[in-house]
Number of protein chains: 2
Amino acid sequence: MGLLEQTVKQIVPVDKKNDSLIQKRLDNLTKPQGSLGRLEELAKQYVLITGKNQPSVKNKTVVVMAGDHGVTAAGVSAFPQEVTPQMVLNFLRGGAGINVLSRHAGAKVIVVDIGVASDIQAEGLISRKVAYGTADMSKQAAMTRDEAIKAIEVGIDVVLKESSQGLDLLATGEMGIGNTTPSSAITAVITGRPVSEVTGRGTGITEEARSHKVEVIEQAIKLNRPDAQDALDVLSKVGGLEIAGLAGVILAGAALRIPVVIDGFISGAAALIAAQLQPAVKDYLIAAHRSVEKGHTAILNHLGLSPLLDLNLRLGEGTGAVLAMSLVEAGVKVLTEMASFDEAAVSRSME
Amino acid sequence: MGLLEQTVKQIVPVDKKNDSLIQKRLDNLTKPQGSLGRLEELAKQYVLITGKNQPSVKNKTVVVMAGDHGVTAAGVSAFPQEVTPQMVLNFLRGGAGINVLSRHAGAKVIVVDIGVASDIQAEGLISRKVAYGTADMSKQAAMTRDEAIKAIEVGIDVVLKESSQGLDLLATGEMGIGNTTPSSAITAVITGRPVSEVTGRGTGITEEARSHKVEVIEQAIKLNRPDAQDALDVLSKVGGLEIAGLAGVILAGAALRIPVVIDGFISGAAALIAAQLQPAVKDYLIAAHRSVEKGHTAILNHLGLSPLLDLNLRLGEGTGAVLAMSLVEAGVKVLTEMASFDEAAVSRSME
């Protein structure tokens with residue numbers, strides 16, 4: 001049995017039998033019941049997932065998967081493909097948005113070259129290249145089924161290695177010029193929504209360029225005929241290597257009972273693939289934010305997730321996810337650090 | 001000239017002439033233009049308010065004002081009045097929600113007894129009691145006009161003292177059993193909305209008790225006839241001492257060019273008073289979150305503020321505000337720590 005199959009089998013739905021016990025603990029804290037809203041929900045979800053009654057969210061890691069896309073040849077992005085390796089180097093030097101926000105949140109950034117189209121050698125980079133970018137999906141399948149599996153397994157393997165040093169919270173991030181295009185394709189196929197409804201302006205293309213992007217995606221779907229019921233078919237035909245890698249990160253998190261904070265649109269497409277492979281992963285996911293990117297709401301609805309933040313973000317890289325990690329940590333601290341009514345000698349509600 | 005008058009005169013609208021210069025700096029950073037959404041707006045607002053080009057948000061302080069309300073005798077709250085001093089002690093011991101979340105955000109908590117109905121002596125408490133609670137506003141004015149001014153000046157003075165040690169970001173918080181009642185009254189009078197539309201369930205009263213609360217507030221307004229154009233009249237007749245103190249905190253922040261993060265409903269009522277005294281304060285405000293409390297949206301609309309978070313919070317104390325402080329700090333770090341396209345040798349957008 002391969003690593004992917006093994007990981008999928010390991011994932012079980014989160015056991016909610018202690019839900020009311022945790023609720024009781026939250027209701028004993030010195031605040032009106034439920035008054036810390038979603039922070040309380042996060043605390044409960046965290047304890048249910050991990051099974052830890054006195055958790056501490058110390059080791060937070062965002063895995064940033066980088067890959068290129070043959071479909072950029074069709075003119076779908078505002079930025080040239082050379083930006084992918086340039087930004088990978090920026091990540092490794094600590095100058096990108098994800099670095100700044102991860103330092104702020106106390107999270108570690110792991111950068112993986114899973115499919116950049118050029119060779120990158122740099123200290124700190126995890127080199128696990130499956131291919132030099134995908135093929136142009138508007139002309140052929142983006143990758144083979146074997147490559148898709150291999151890329152998912154890279155994601156799983158990276159998390160397994162990272163978790164061996166202790167890992168309390170995972171987040172997904174990515175870099176790949178053109179990667180909103182395969183993400184829209186995956187979203188359209190899996191959620192069944194029309195392509196134009198789930199295709200946005202990515203890093204900032206014009207409305208005219210967006211129409212072209214819709215046509216390219218429609219062409220790719222028409223040509224490749226991905227089977228919506230078969231996530232590996234969808235992923236290999238109209239996906240991306242970093243998206244596959246992130247699907248692996250998500251599956252590994254769920255298998256290890258580590259909550260996974262999902263960033264925006266591209267990470268969301270990876271979550272669609274992971275949830276199609278194993279519906280029980282949904283219990284382990286926390287949606288960081290509502291992206292500006294048009295198709296993101298369809299993803300959130302399909303996965304039944306309600307995002308924590310709505311800050312008009314559309315950078316990706318994991319930037320929304322690390323901001324949300326801080327809220328998860330805050331929720332857990334509410335549960336573990338607040339005084340109870342008895343401890344603080346505070347009178348209870350009269351109603 | 002008294003401290004209040006002097007402070008109001010010191011406040012000037014934020015000079016926006018450098019807006020495009022700061023925008024240019026943001027657009028030079030290694031990300032698609034505008035892709036960090038509200039974080040970029042926060043960075044811009046911070047620089048415009050403070051006039052600091054390379055700011056660092058180090059000293060963050062939340063001022064928690066505590067006061068009691070005579071109107072609790074009319075049965076408007078789910079908790080007994082003794083909870084106000086009990087919670088003040090909880091704040092000073094570090095066991096309350098505001099303590100946990102402030103530690104998480106790296107913010108300092110200052111607790112001020114501005115009007116608790118009983119004597120509290122405890123280390124760390126700033127004792128600036130103006131009165132032993134307000135009078136029952138459904139039977140008479142909550143306080144005299146002089147008391148209202150005195151309480152506002154306590155807020156100003158506390159901030160002036162705190163800022164002498166260096167203060168980069170302020171937030172408002174409060175404790176006072178029954179204080180959603182004067183907050184709803186202030187909101188109804190100043191925004192002109194019907195009482196029932198801006199009166200919610202506070203710490204968790206029943207729907208039946210809420211109807212009673214609406215009647216009590218209507219009675220207080222009918223009896224006292226506060227003049228919506230005269231903020232001090234509104235504050236003294238249907239306000240609260242901690243609300244007055246927070247209005248002072250807000251005015252002092254604006255006068256000192258320190259951005260002020262406004263927590264939820266009660267802090268919002270204080271902001272209504274401050275903005276009525278000096279409309280230019282609005283430029284200095286950052287709305288932390290959208291409270292569950294019914295009347296909060298009317299406040300946000302009246303002040304033209306869009307909240308950063310929507311996490312179903314309704315605890316008060318400043319809990320939403322300290323979470324939002326962390327976002328302000330993140331925004332400023334984006335501006336000051338991210339690499340530019342030139343520094344990182346990253347290619348720019350082709351469009």
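Predicted model: local features only at pLDDT ≥ 70, side-chain atom pairs only at ≥ 80, totals over all residues.
I looked up Asp283(A) and found that Asp283(A) forms a salt bridge with Lys16(A).

Next I checked how chain A is divided. I read domain 1 as 3-55 + 335-344 and domain 2 as 60-326. The centres of domain 1 and domain 2 of chain A, taken over C-alpha atoms, lie 28 Å from each other.

I then looked up the polar side of the interface. Between domain 1 and domain 2 of chain A I count two salt bridges. I also find 12 residue pairs in polar contact across this interface, both residues being at pLDDT 80 or more.

Which elements give two or more residues to the side of domain 1 of chain A that touches domain 2 of chain A? I noted helix 1 (3-10) and helix 3 (37-50) of chain A. Helix 3 of chain A gives the largest share, seven residues. By type, I sorted the residues of this side into 11 nonpolar, five polar and three charged.

Last came contacts and area. I find 19 residues of domain 1 of chain A in contact with 27 residues of domain 2 of chain A. The two domains of chain A bury about 1,900 Å² between them, and I note that 63% of this is on carbon and sulfur atoms.

Methods. Residues numbered from 1 in each chain as written. Chains lettered and ligands numbered in written order. Heavy atoms only, no water. Domains from an automatic or database assignment. Contact = heavy atoms within 4.5 Å. Buried area = accessible area lost by both parts, 1.4 Å probe. Salt bridge = Lys/Arg side-chain N within 4 Å of Asp/Glu carboxyl O. Polar contact = N/O pair within 3.5 Å; in protein donor to acceptor, adjacent residues only side chain to side chain. Helix = DSSP H or I, 4+ residues; strand = E, 2+ residues; numbered from the N terminus. Nonpolar A, V, L, I, M, F, W, Y, C, P; charged D, E, K, R; others polar.
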